[in-house]
Amino acid sequence: MRILLFTGKGGVGKTTLAAATATALAGRGRKTLVVSTDPAHSLSDAFAAPLRSEPSEVDVPGDGSPAGLWAAQVDSRALADRTWHGLRDQLRTVLTGAGLDTLDAEELTVLPGVDELLALGEVRRLAGLGPWDTVVVDCGPTAETLRLLALPEAVAGYLSRAHGRRGRVASSVRRLGVHLDALRELLTDPTVTTVRLVLTPERVVVAEARRTLTSLALRGIAVDGLIANRLMPAPGFWRGSAATWLRTRRAQQDAVLADLAGAGFGPGELARVEHRAAEPVGAAALAELARELYGTRDPLSGNGKPVTPLLQVTPDGDGFQLRVAIPLQREADVDLARVDDDLAITVDGFRRLITLPETLRPCRITGAESDGGGLVISLAGNRGRA
């Protein structure tokens, strides 16, 4: 099973490109499910076909053989209405028994992002439901997606602490913890799940893409490629005011994309899609778009870059160096702190607690710097402890 998550700033065309990718995969013989968790419900618009919460087959241009493409639109609000209220009541009981008063327990069971959490669980359910071997997920805009991808770890830790304080939990809450652990493992296994980040060549959009790359790396979620959408067509040898405008605009876009080199993705590693005069709607138009996007390449191949482990430890004198493989910009705001056996890393407001390898737990942080491979943290060993 392969899962490919599409995300990007709102309005960059991620839904269309997710639908085009799913169409291309099905056209090459892969049984494919494309699922949207985006509250905008625009996946059905891309296919020009009504979609339901359960998968239904979608026609793919071809020789009349079985299409092999299914699509579904997750209704996270309906999921919350069906499943959250009962679980919330049990959580409140557990938290009250763990020593929190009733008011605190009530507040803590109003979890921000529960809609996204349930949607992610629904994607996992649908992934194991049918004959497909590839699942393409049209996620919501970047901010919502980052919250969605962070929730399994955050809520699992929250439940673990509640469990430790009480000693036992209700069976449904325990099952939720197991479910969250499974989701976290699914998201952080680069052989199964990768993210494809869609952007348009605008400085504000690219700046958000850089922050997204850092945040995903902090969470151990692999990004296998970037897609620059809506590039102005090159005017070639055309003359006149329109050609001059196109040439100037395209030069500006190329300059913006060149800045991504500092985030670990050079311009040659970007997939590019030119702006179309007509919006690609329907399976035939999506298949044509996919041909421009992937050519003869396998749509699952990404940019072919190997996945670097998040943490790498090397001896350094009487201590160690810990490399955290996250893309950092020169102007990034980075903060480090020790929290028991964890290292708290905050980059531009994105925070992640990373459990330190056992070797490093007696050590203390003595310095940090960044280079082209990420953040390098110096730690003093036992002999260097104060």
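**Figure 1. Proline 50 in the loop between α2 and β3.** In this predicted model, proline 50 belongs to the loop that runs between helix α2 (43–47) and strand β3 (56–57). Its relative accessibility is 76%, and proline 50 therefore counts as exposed, the cut-off being over 50%. Alanine 72 stands 22 residues from proline 50 in sequence, and the C-alpha atoms of proline 50 and alanine 72 are 9.4 Å apart in space.

**Figure 2. Leucine 300 in the loop between α10 and β9.** Leucine 300 is likewise a loop residue, placed between α10 (283–294) and β9 (311–316). Because its relative accessibility is 10%, and the limit for a buried residue is under 20%, leucine 300 counts as buried. Beyond residues up to four places away in sequence, leucine 300 touches Arg2, Leu4, Leu25, Arg30, Thr134, Arg196 and Asp224. The view also includes isoleucine 3, which is 297 residues from leucine 300 along the chain, although their C-alpha atoms are separated by 9.3 Å.

**Figure 3. Threonine 346 in strand β12.** Strand β12 covers residues 342–347 and contains threonine 346. With a relative accessible area of 17%, threonine 346 falls under the 20% limit and is therefore buried. When neighbours within four places in sequence are left aside, the contacts of threonine 346 are Asp333, Val334, Asp335 and Arg351.

**Figure 4. Helix α1 and the glycine that follows.** Helix α1 is made of 14 residues, and the distance from its first C-alpha to its last is 20 Å, close to the 20 Å expected at 1.5 Å a residue. The helix is mostly covered, with 13 of its 14 residues buried. Just after α1 comes glycine 29, whose phi is positive, at about 95°.

**Figure 5. The packing of α1 against α10.** The axes of these two helices are 8 Å apart and form an angle of about 90°. Angles of 65 to 115 degrees count as roughly perpendicular, and α1 and α10 are therefore described in this way. On the α1 side, the residues that meet α10 are Thr16, Leu17, Ala19, Ala20, Thr21, Thr23 and Ala24. Their partners in α10 are Ala283, Leu286, Ala287, Leu289, Ala290, Leu293 and Tyr294. An α-helix has 3.6 residues a turn, so residues three or four places apart point the same way.

**Figure 6. Phenylalanine 6 and the nonpolar cores.** The largest nonpolar core has 70 residues, and those with the most contacts inside it are Phe6, Phe47 and Leu199. Helix α1 (residues 14–27) gives the largest share of this core, namely 8 residues. Neighbours within four places in sequence aside, phenylalanine 6 is in contact with several residues, including Lys14, Leu17, Ala18 and Thr21. Further contacts of phenylalanine 6 include Val136, Val137, Asp138, Cys139, Arg196, Val198, Ile227 and Tyr294.

**Figure 7. The protein chain as a setting for the close-up views.** The secondary structure comprises 10 helices and 15 strands. Of the 386 residues in the protein chain, 49% are buried. Among contacts between residues at least 6 apart in sequence, 70% join residues at least 24 apart. The chain exposes about 18,400 Å², of which carbon and sulfur atoms supply 52%.

Notes. Residues numbered from 1 in each chain as written. Predicted model: local features only at pLDDT ≥ 70, side-chain atom pairs only at ≥ 80, totals over all residues. Heavy atoms only, no water. Core = buried A, V, L, I, M, F, W, Y, C linked by side-chain atoms within 4.5 Å. Buried < 20%, exposed > 50% of the residue type's maximum accessible area, 1.4 Å probe, protein only. Helix = DSSP H or I, 4+ residues; strand = E, 2+ residues; numbered from the N terminus. Contact = heavy atoms within 4.5 Å. Expected span 1.5 Å × (residues − 1). Areas by Shrake-Rupley, 256 points an atom, 1.4 Å probe, with all protein chains shown as cover. Axes fitted to C-alpha atoms, helices over the stretch in contact; angles between N-to-C directions. Parallel < 35°, antiparallel > 145°, perpendicular 65-115°, else oblique.
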